[in-house]
There are 2 protein chains.
Amino acid sequence: MSPAPPKTLSTVRAFDGVLHRFQHDSGVLKSSTVFSVYVPDTDDQQLPVIYYLSGLTCTDENCAQKGCAFGPLRERGVAMVFPDTSPRGEGTPDDAAYDMGQGAGFYVDATEGVWAERFQMYSYIVDELPETLKACGLPLNLNACSITGHSMGGHGALTIALRNPGRFASVSAFAPIANPTAEDCPWGQKTLGAYLGSASSDKAKLHDATELVKSCEGFSAPILIDQGASDNFYKTQLHPERFVDAAKAKGLDVTYRLHEGYDHSYFFVSTFMRDHIEFHARALKK
Amino acid sequence: MSPAPPKTLSTVRAFDGVLHRFQHDSGVLKSSTVFSVYVPDTDDQQLPVIYYLSGLTCTDENCAQKGCAFGPLRERGVAMVFPDTSPRGEGTPDDAAYDMGQGAGFYVDATEGVWAERFQMYSYIVDELPETLKACGLPLNLNACSITGHSMGGHGALTIALRNPGRFASVSAFAPIANPTAEDCPWGQKTLGAYLGSASSDKAKLHDATELVKSCEGFSAPILIDQGASDNFYKTQLHPERFVDAAKAKGLDVTYRLHEGYDHSYFFVSTFMRDHIEFHARALKK
């Protein structure tokens, strides 16, 4: 399907570059959606791209406003794309809880109930968003891309990268939900259960980074994961070490850093954003 | 008056430092108020301090979340204090407009009407906040301080510095309301009129940076002002060049930078935050 052309909602100058915000009618989400793209000033018409997937309750705006990403992106000559975290708007199902429905798409293609029609964030990120970006008139090389994300977005970044080997030069995550099908991950039990029928199904395991890495083939991109040791969700929801151990057992190039005192907030994300951008820039410019 | 001791509301780790948030019962504001302080990790028990005064509608949190200040503060070994912009809470007068009442204290000591009892932000910033900071147990040297701010907070920074020569090692402002008593500054006409009786009164002129600089004595601190050329308020409210021209005529050390394409948002503030912190750090460490 050829996507509808995006409409520019706003442009704002920041750090010798421009943050563009676009709206378009998404075919796979069956709703209007928005995304933001930060493009540093450049003479290069082929800037590499990092996709940033946000966490629960977020939109395209949270990281753009609070992530401290633009300075490092400008220094490295890399663009960053910030999609929304779920479909929204009239006719889109929702749930009163913060961890279901709008703001909580979990980057899966839902198959169940009211969610199945629009909650197709996996296909949106993997297929429709890159196609839509081509129509934005920005100086991007969409073949040179990496992916990162925070919490639910870290889950999305890892699973999307692992399911598409060769597609991303590198992948990273801030405090990812790394083993959502585990019984001790209430978020995964709830949402993957609702969106995909059961968190223990084979369908759900295709959205579990720890399960995916055990059987991945042909995946060689470097992986960076940062985790705050004082993150309330670290031991109760995230379980990043399970992914790291499985990735190491598989011989993957994974770096894991546990940071004393850091929590789950954007103060944690912004602190280590520069490191992630430099990590991706090195892989993208090889 | 000896201020009530502050209570810690939260501490969050960021950029190898800690953002502390405090609440205390303010004697001059006659209400409970909050402020935040970012302190980079240090063995030095005498860190210099920059006060950051926020703009209309803001609280202590806007710049802490969106200002991209912590990285440069950590690099330079300087702390930053973020007060609220007005008194708040039960019994505090307000106005339905965004530019009056709560969130719009304008850093003056109000003398009129319902505002006179609590809207005493000048005295709070100049006197009570530094005294309160002494009771926080932080490794600060409150005698080594500079001051900055955005928009209404830029107005506050310039006027407070000019009225207290020798107190601040340096002063800077992002898109300040630089001549609020002018007839072509609707914000100043409205708020200084309401808080002080008339924007053309002598009382109001004590809160107008352009008026103050014309008659200042003994002021030698360096001044830095950044302004976005695409800021919607630049020509209609801010008038920074009037201040700059008056300061130059007075022989003050003022640097003014007009940045093509930049607007009035925190994207503008965050872009130039590093420059301001480095500017103040040089003055503070002389």
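Trainee: How many salt bridges are there between chain A and chain B?
Mentor: This is a predicted model, in which local features need pLDDT of at least 70 and side-chain atom pairs count only at pLDDT 80 or more, whereas totals for chains, interfaces and linings use all residues. Side-chain values use heavy atoms, without hydrogens and water, residues are numbered from 1 along each chain as its sequence is written, and chains are lettered from A and ligands numbered from 1 in the order in which they are written. A salt bridge requires a side-chain nitrogen of Lys or Arg within 4 Å of a carboxyl oxygen of Asp or Glu, and between chain A and chain B the count is 0.

Trainee: Which elements of chain A each supply at least two residues of the side that touches chain B?
Mentor: Helices (H or I, at least four residues) and strands (E, at least two) are taken as DSSP runs and numbered from the N terminus. On that basis, the elements of chain A are β1 (7–13), α1 (61–66) and α10 (266–284).

Trainee: What is the area buried between chain A and chain B?
Mentor: Buried area is the accessible area (1.4 Å probe) that two parts lose on being put together, summed over both. Carbon and sulfur atoms give 66% of the area between chain A and chain B, and the total is about 1,700 Å².

Trainee: Which three residues supply more of the area that chain A buries than any other three?
Mentor: The area in question is what chain A buries against chain B, and the three residues together supply 37% of that area. They are A:Arg13, A:Phe15 and A:Phe267.

Trainee: How much space lies in the largest pocket?
Mentor: On a 1 Å grid over the protein atoms alone, a pocket is an open set of points where a 1.4 Å probe fits, with protein on both sides within 12 Å along at least five of seven lines, and lining residues have an atom within 4 Å of a point. Among the 29 lining residues, the closest to the centre of the largest pocket include A:Arg274 and B:Arg274. With grid points joined across faces, edges and corners, and volume taken as the space filled by probe spheres set on the points, the largest pocket holds about 480 Å³.

Trainee: Which element gives the most to the lining of the second largest pocket?
Mentor: The second largest pocket has about 300 Å³ of space, and B:Glu61 and B:Gln65 are among the residues closest to its centre. With 4 residues, the element that gives the most to this lining is α1(B).
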